[in-house]
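The sequence and the structure come first, and the notes follow.

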Amino acid sequence: MSNQRQQKPTLTGQRFKTRKRDEKERFDPTQFQESIVQGLNQTGTDLDAVAKFLDVSGAKLDYRRYAETLFDILVAGGMLAPGGTLSEDVACTEFCVFKAQEDMKTMQAYAQVFNKLIRRYKYLEKGFEEEIKKLLLFLKGFTESDRNKLAMITGILLGSGNIPASILSSLFNENLVKEGVSACFAVKLFKSWLSEKDINSIAGSLRKVGMDNRLMELFPANKRSSEYFSKYFSDAGLKELSDFAKNQQSIGARKELQKEIQDQMSHGDPLKDIVAYAREEMKKNNISEQTMIGLMWASVMSSVEWNKKEELVAEQAIKHLKQYSPLLKAFTSQGLSELTLLLKVQEYCYENIHFMKAFQKIVVLFYKADVLSEEAILKWYKEAHSAKGKSVFIEQMKTFVQWLKNAEEESESEEEDAD
C-alpha cells in the first residue's frame with residue numbers, strides 16, 4: 001500500500017517555448033504610428049504607392065490591434081485626442097486626407113486607398129465604420145476645410161458601400177445638432193453621395209438601416225418640420241433629398257391614417273363617421289381619392305381574420321365586403337379611383353392564394369353595390385389590368401364581361417327604338 005502511495009504519477013515531456021505572438025504585448029500605438037508615418041512620408045502623394053505600402057505593411061504590423069490609430073493617421077495625419085485635436089507626442093504626416101486638396105477628384109482617390117485596404121484586410125471593416133462614427137462626433141474640433149473633405153469622402157464611401165448609412169447616427173449628437181454643424185455637414189455629404197448614386201439608391205441604403213425616417217433629427221427640436229427641412233435642403237441645392245423627405249413623411253402619415261381607420265372599424269364606429277374622418281384627412285394632408293381608396297381597401301381587408309379554406313373564404317369575403325361597400329363607394333367617385341380599387345383587388349387575390357377564385361365574386365358584388373361602374377370593369381378587362389394572375393382573372397371575368405357588353409348593346413338598341 002505504502003509503495004503504491006509513493007509512486008505518484010508525474011508529468012514528463014518536452015517543454016515548449018512560448019511563441020512570441022502568444023505573449024501578451026503591451027498596447028503601444030506610438031511605435032505603430034512611427035512605422036505608418038515613416039512609410040507615408042516616403043510614398044508621399046503617390047496614392048498607388050500608399051495603397052501598396054499599406055497592403056505590404058499589414059503582414060508586418062498589427063492592423064487588427066491598432067486599427068483606430070491606422071485610420072486616424074490616414075485621415076488626420078496622426079493619432080486624435082478626444083475632441084478631434086492631433087496628439088503631438090509622436091511625429092505626424094502631411095500625407096493624409098485632411099492635408100490633401102479639397103476637391104472631389106482627390107477625395108475619390110483617397111477613398112480608393114481605403115477601399116483597397118479594407119478589401120485586402122476584411123477584418124478592418126468594423127473598425128473603419130467605428131472610426132467614421134467617431135470622426136463625425138469630433139466635427140466641432142476640425143477646421144471647416146477638414147469637415148468639407150470628411151463630408152466628401154464619407155459621401156463617396158457611402159456610395160461605394162464601404163460604410164453603412166448607420167454611421168449617420170453620429171450626426172444626431174445633441175451638441176452638433178444645436179450648433180447647426182450636423183445639417184451643414186449633411187448638405188456636403190449628401191451632395192457627394194448624390195454624385196456617386198441616385199436618390200433611389202440612397203433611399204434604399206437609408207431604409208436598410210432605418211435612417212429613412214430620421215433625417216429630421218439633423219435639426220433642433222424647434223425646427224423639425226417638413227417645411228423647414230424642405231426649404232433648408234432645397235436652398236442648398238438638394239431638391240432630391242427634400243422631395244425624398246416629403247415622400248417619407250407622406251408614407252408615414254398614410255400608415256398612421258390606415259391604422260386609425262382600422263381602429264375605428266374594430267371599435268364598430270358608424271361608416272358615415274369613418275367617411276367623414278377620412279375626407280377631413282384627405283383635405284388636411286392633400287391625399288388623392290386614388291390613394292384613399294387604396295388605404296380603405298387595405299384597412300377593410302386587414303380588419304378580419306380570414307378563413308384558411310378556399311371554399312369558405314369567398315363566402316366570408318362577400319359577407320364582409322357587403323358590410324363595407326358604402327365605405328368603399330364613398331371613395332370611388334372618379335374613374336381612376338375605380339381602376340385603382342380593381343387593381344388592388346386583383347393584387348390582393350393574386351398574393352393571397354385562398355382568394356384566387358374569389359376575384360370575380362368580389363367584382364360582381366362591387367358592381368351591384370355601385371362601388372364599381374360597368375365602364376371601369378370593361379376598361380380593366382380590356383387594357384387596364386396588371387400582369388399579376390392576369391390569365392386566371394380574365395378567364396373568371398369572361399362571362400360577366402360578356403353579360404355587361406350584351407346589356408350595354410340592348411340598352412343602346414332600346415334607346416334607338418325610342419328615338
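How many salt bridges does a search of the whole structure find? The search finds 22 salt bridges. The model is predicted.

**Helix α5 to helix α3**

- Lys 116 and Asp 48 form a salt bridge through their side chains, with an N to O distance of 3.7 Å.
- This pair links distant parts of the chain, since Lys 116 lies in helix α5 (residues 104-120) and Asp 48 in helix α3 (residues 47-57), 68 residues apart.
- Lys 116 is partly exposed because its relative accessibility is 34%.
- Asp 48 is also partly exposed, at a relative accessible area of 48%.

**Helix α4 to helix α6**

- A salt bridge joins Asp 72 to Lys 134, and their closest N and O atoms are 2.8 Å apart.
- Asp 72 belongs to helix α4 (residues 67-76) and Lys 134 to helix α6 (residues 124-137), so the pair, 62 residues apart, links distant parts of the chain.
- Asp 72 and Lys 134 are both buried.

- Lys 134 and Glu 131 are three residues apart in helix α6, so about one helical turn separates them.
- Lys 134 counts as buried because its relative accessibility is 14%, under the 20% cut-off.
- Glu 131 is buried, with a relative accessible area of 2%.
- Through shared partners, salt bridges join Glu 68, Asp 72, Glu 131 and Lys 134 into one network.

How values were computed. Residues are numbered from 1 along each chain as its sequence is written. This is a predicted model: local features need pLDDT of at least 70, side-chain atom pairs count only at pLDDT 80 or more; totals for chains, interfaces and linings use all residues. Side-chain values use heavy atoms; hydrogens and water are left out. A salt bridge is a side-chain nitrogen of Lys or Arg within 4 Å of a carboxyl oxygen of Asp or Glu. Helices (H or I, at least four residues) and strands (E, at least two) are DSSP runs, numbered from the N terminus. Buried means under 20% relative accessible area, exposed over 50%, partly exposed in between (1.4 Å probe, protein chains only).
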